[in-house]
Amino acid sequence: MKLPLRMRLFGLAYGRWGTPISRTPAEGVPALRARQNRSYGLRAARIVMGRHAEGVEVEDVVAVNADGGPLPVRIYRPPTSVRRPLPAVLNFHGGGFATGSLDQAEWLCREVCYRAGVTVVSVDYRMAPEHPFPTPPDDCYAALTWVATQAERLGIDAGRLAVMGDSAGGNLSAVVCLMARDRGGPRLRSQVLIYPGTDFVTTYPSEIRNATAPVLRAEDIAAYSAFYRAGTDGTHPYASPLRAPDHRGLPPALVQTAEHDALLDEGHLYARALARAGVPVRYTEYVGTAHGFISMPGLAPQAHQALWEIVTELRARLVDPQG
């Protein structure tokens, strides 16, 4: 399906706004990140990023990162009338491991919290180039263990945990599942991977076909990758989960991809790898969409469809599980 005109126009505007990551030196990334974060408060950005669900309780707290230091997290809870303890979903935002923020993921976190009736813990992991691999996945796993150990205080059921994330956050969600399996817990019941990057090594046909698609161009992928890998080859399974030697024993997965996305093949191949390993998988390719669509519900109606698929999956795995 052809990319809708509104998305093509958005892509043109997005490409002309500010300095792209591909032309930003390492020392300029923090300023670029700050500028992007400020833009989320603009009226136009609020329209694109969607109206937030009402009735959700939001609390900013500090967890513990992989080095024992502070790790900001934002906790979303359903209305107080909902019975506790609640299942919890840890969310890892996108942004190529170098940009993005808790505010970027606000719509998704609020909507999942409200509509699935679960607590959502959004994690502000440290990012490249200041903190390259393996710090981001280590921070995300540290957040998972913190939630599990603090579950009673947080009103969370530690036996009903899941992870979700988009783009880089989808990669981190997949990696945290590998870490939890390899390290003996905490147990996860579900992983929601939204257009995840899963392989830093191979250039797949979708990256060539969608090299100039809106939001995420091939040149941007190269820049993000260089900042994140910081001289490593990217073959470690905790960087490239598709390259893990064994995908058995991982939690059930929902994998969502976008038709006009350079990362399409990486998500599709990861879903196939999970299925081959006996992991229950639901895979959906959203036609007529580009990378980042879940963060643009005001522009991409498919974001609402994807949301309901996520909510349905999480309710089945966490709220009304069969075992």
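This is a short tour of one predicted model, stop by stop. Residues are numbered from 1 along each chain as its sequence is written, and side-chain values use heavy atoms, with hydrogens and water left out. Local features need pLDDT of at least 70 and side-chain atom pairs count only at pLDDT 80 or more, while totals for chains, interfaces and linings use all residues.

**Stop 1: strand β6**

Select residues 190-194. This is strand β6. Helices (H or I, at least four residues) and strands (E, at least two) are DSSP runs, numbered from the N terminus. How many residues of β6 are buried? Five of its five are. Buried means under 20% relative accessible area, exposed means over 50%, and partly exposed lies in between (1.4 Å probe, protein chains only).

Now look at the two sides. In a regular strand the side chains alternate between the two faces of the sheet. In β6, S190, V192 and I194 are buried on one side. Q191 and L193 are buried on the other.

Two strands pair if DSSP finds at least two bridges between them. Pick M164, whose bridge partner in β6 is V192.

**Stop 2: S190 and its surroundings**

Zoom in on S190. Its relative accessibility is 0%, so S190 counts as buried. Contact means heavy atoms within 4.5 Å. Beyond its neighbours within four places in sequence, S190 touches L161, A162, V163, P251, P252, E313, L314 and R317.

**Stop 3: salt bridges**

A salt bridge is a side-chain nitrogen of Lys or Arg within 4 Å of a carboxyl oxygen of Asp or Glu. The structure holds 16 of them.

Begin with R317 and E313. Their closest N and O atoms are 3.1 Å apart. Where do the two residues sit relative to each other in helix α11? They are four residues apart in α11 (residues 302-319), so about one helical turn separates them. E313 is buried, at 10% relative accessible area, whereas R317 is partly exposed, at 28%.

Next, select R315 and D320. Their salt bridge spans 3.7 Å, N to O. R315 is partly exposed at 30%, and D320 is partly exposed at 43%. Then select D60, R74, D103, E106 and R110 together. Salt bridges that share partners join these residues into one network.

Move on to R181 and D182. Their side chains meet in a salt bridge of 3.0 Å, N to O. R181 is partly exposed at 28%, and D182 is partly exposed at 42%.

**Stop 4: R248**

Buried or exposed? R248 is exposed, with a relative accessible area of 54%. R248 lies in the loop between α9 (218-229) and β7 (253-260). Leaving aside neighbours within four places in sequence, R248 is in contact with R181 and A277. Now draw a line to Y204. R248 and Y204 are 44 residues apart in sequence and 24 Å apart in space, C-alpha to C-alpha.

**Stop 5: the cavity**

Rolling a probe the size of a water molecule over the atoms shows where empty space is left. On a 1 Å grid over the protein atoms alone, a cavity is a set of points where a 1.4 Å probe fits but cannot get out. Grid points are joined across faces, edges and corners, and a volume is the space filled by probe spheres set on the points. The count comes to one cavity of 30 Å³ or more. The largest cavity has a volume of about 40 Å³.

Select Q104, A105, W107, L108, D166, I294 and S295. They line the largest cavity; lining residues have an atom within 4 Å of a point. By class, four are nonpolar, two polar and one charged. Ala, Val, Leu, Ile, Met, Phe, Trp, Tyr, Cys and Pro count as nonpolar, Asp, Glu, Lys and Arg as charged, and the others, Gly among them, as polar.

Key:
On a 1 Å grid over the protein atoms alone, a cavity is a set of points where a 1.4 Å probe fits but cannot get out, and a pocket is an open set with protein on both sides within 12 Å along at least five of seven lines; lining residues have an atom within 4 Å of a point.
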